[in-house]
Amino acid sequence: GSMEAAKGEKAGGGRNGHAEGPAAERGGGGRLRGCRGFLRRNALVLLTVSGVLAGVALGAAVRGAELGPAQVAYLAFPGELLLRMLRMVILPLVVCSLVSGAASLDTRSLGRLGGIAVAYFLGTTLLASGLAVALGFIVRPGAGASALNAPGLGLPGAVPTSKETVDSFLDLVRNLFPSNLVAAAFQTYATEYKMLLRNTTSGNVTWEKVPVGTEIEGMNILGLVLFALVLGVALKKLGPEGEDLIRFFNSFNEATMVLVSWIMWYVPIGIMFLVGSKIVEMEDIVLLVTSLGKYIFASILGHFIHGGIILPLIYFAATRQNPYRFLLGLITPFATAFATCSSSATLPSMIKCIEENNGVDKRISRFILPIGATVNMDGAAIFQCMATVFIAQLNNVDLNPGQIFTILVTATASSVGAAGVPAGGVLTIAIILEAIGLPTNDLSLILAVDWIVDRTTTVVNVEGDALGAGILNYLNEKANKEKEQELKEVNVEAVANSKSEGETSPLVTHKNNQVSNASSPADPESKESVL
């Protein structure tokens with residue numbers, strides 16, 4: 001295969017060589033075209049960034065008009081449309097891209113890449129959690145803030161009922177194996193509790209908490225991801241029989257990507273209204289920032305350190321390439337992440353940009369990015385650990401090493417289970433607090449500033465996936481190059497031995513086949529490359 005590729009390259013080079021003559025004469029118009037080409041290539045990036053800025057301006061301008069809640073909802077409508085479109089594409093995109101990705105990689109490299117991906121996801125999430133806990137102890141966001149309480153800030157006091165730690169882990173595993181694929185597209189399994197009266201032998205009556213399984217709204221992406229992966233491997237295993245279906249999923253995937261490229265032209269408009277309406281909605285920002293400013297600062301600092309220093313360093317260590325040039329090609333998905341606060345809504349534009357701007361192999365990006373969007377949440381881990389340390393400091397609790405270890409493990413595990421939706425992290429904070437035995441009634445403080453912190457959270461989540469895809473792409477290319485080297489060496493040996501071993505050798509027949517195949521227009525070249 002590699003030989004034919006080389007042959008094609010040589011032939012192609014010749015064709016380009018012929019084409020250079022006429023093109024050189026049209027040099028004058030070329031420069032202008034180049035400038036226009038640059039604008040056309042980066043139009044989306046420029047439009048998206050200006051959409052965010054325009055949204056801030058719009059929000060600031062409209063704030064003075066004292067809109068009621070209904071008018072704010074109308075203002076948010078174009079942004080809501082963008083979110084709905086992105087969410088619509090997620091289901092076909094995730095399933096088809098994973099099936100075609102898993103089917104296009106051979107089993108050995110799938111296993112190797114999968115192993116590296118899991119190690120990378122777990123490692124970076126643990127690093128992020130550790131960084132957040134360390135920053136929490138250095139900055140001490142909750143130290144002077146013990147006077148804070150929810151009613152004083154005019155916040156709702158109600159907090160979601162928390163689950164037992166064991167149950168949240170079991171739910172994670174249950175969701176990996178959905179009982180109904182169609183239902184998994186819009187429902188997730190969650191454990192709830194029923195209180196039962198029970199008579200004991202001594203005649204007392206006790207209340208008992210009994211776990212009950214319920215289905216809650218929200219796509220169970222984890223289950224779909226696992227099913228799609230396994231289906232892809234199964235189709236690969238079928239061989240010729242499975243090819244039709246693989247082709248079906250491939251073309252479905254391509255069609256979805258075309259849809260995404262259309263939706264992305266609407267992104268700047270949607271982002272403008274999303275950001276604008278958020279700014280109009282904010283109640284009393286000064287009070288929030290003065291009271292919770294240290295917590296906001298600590299979280300965003302953690303995101304900045306992890307996303308701007310640690311992740312690029314990991315990428316550089318693995319590939320020896322400039323990470324910031326890699327990230328520069330992904331400005332559009334980062335802006336989308338910043339505006340939508342949802343890492344799964346960013347997935348479509350991320351896949352598109354990482355393939356087109358950064359030249360990541362399609363098989364890699366389609367295999368790793370959908371998994372990353374659901375499993376790898378570095379930003380969420382930082383945000384959850386910071387919130388936990390903050391609440392511990394609010395309640396004047398000194399965390400011992402055992403509790404810190406619990407926080408790290410639980411945050412890493414629950415960031416896997418957190419759905420890629422806005423404010424999905426607050427429920428998982430409740431799980432962490434429950435695990436280390438802290439009261440959950442301070443969660444409303446975190447909910448109050450969640451919309452600020454959630455933006456950088458999502459950007460870091462998405463960036464972690466992207467850099468992971470870049471690293472895997474590099475490693476995959478390296479492995480392929482090594483394989484090609486081996487193939488060349490084997491070819492040389494085969495030609496050398498064939499004469500001495502007589503006519504029975506399979507190598508000779510192989511060589512004869514090659515020569516007969518090579519009787520094509522590019523005949524001398526291919527013979528050279530064989531010999």
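Let's start where two helices touch: Leu172, Asn175 and Leu176 of helix 5 meet Leu222, Gly223 and Leu226 of helix 7, contact here being heavy atoms within 4.5 Å. Sorted by type, the residues of this contact are 4 nonpolar, 2 polar and no charged; Gly counts as polar, while Leu is on the nonpolar list.

This is a predicted model, where local features need pLDDT of at least 70 and side-chain atom pairs pLDDT 80 or more, while totals for chains, interfaces and linings use all residues. Numbering runs from 1 along each chain, and side-chain values use heavy atoms, leaving out hydrogens and water.

How do you describe two packed helices? You give the angle between their axes and the distance between the axes. Helix 5 (residues 165–176) and helix 7 (residues 221–238) pack at about 45°, with axes 7 Å apart.

Residues 218–235 are 83% helix and 0% strand, with end C-alpha atoms 28 Å apart. Residues 326–347 are 82% helix and 0% strand, but here the end C-alpha atoms are 17 Å apart.

Now for two loop residues. Cys341, between helix 12 (331–340) and helix 13 (343–356), has a positive phi of about 60° although it is not a glycine. Asn396, in the loop between helix 15 (378–394) and helix 16 (401–417), also has a positive phi, near 55°. Are they buried or exposed? Cys341 is buried, at 8% relative accessible area, whereas Asn396 is exposed, at 61% (buried is under 20%, exposed over 50%).

Definitions and conventions: Axes are lines fitted to C-alpha atoms, for helices over the stretch in contact, and angles run from 0 to 180 degrees between N-to-C directions. Helices (H or I, at least four residues) and strands (E, at least two) are DSSP runs, numbered from the N terminus. Buried means under 20% relative accessible area, exposed over 50%, partly exposed in between (1.4 Å probe, protein chains only).
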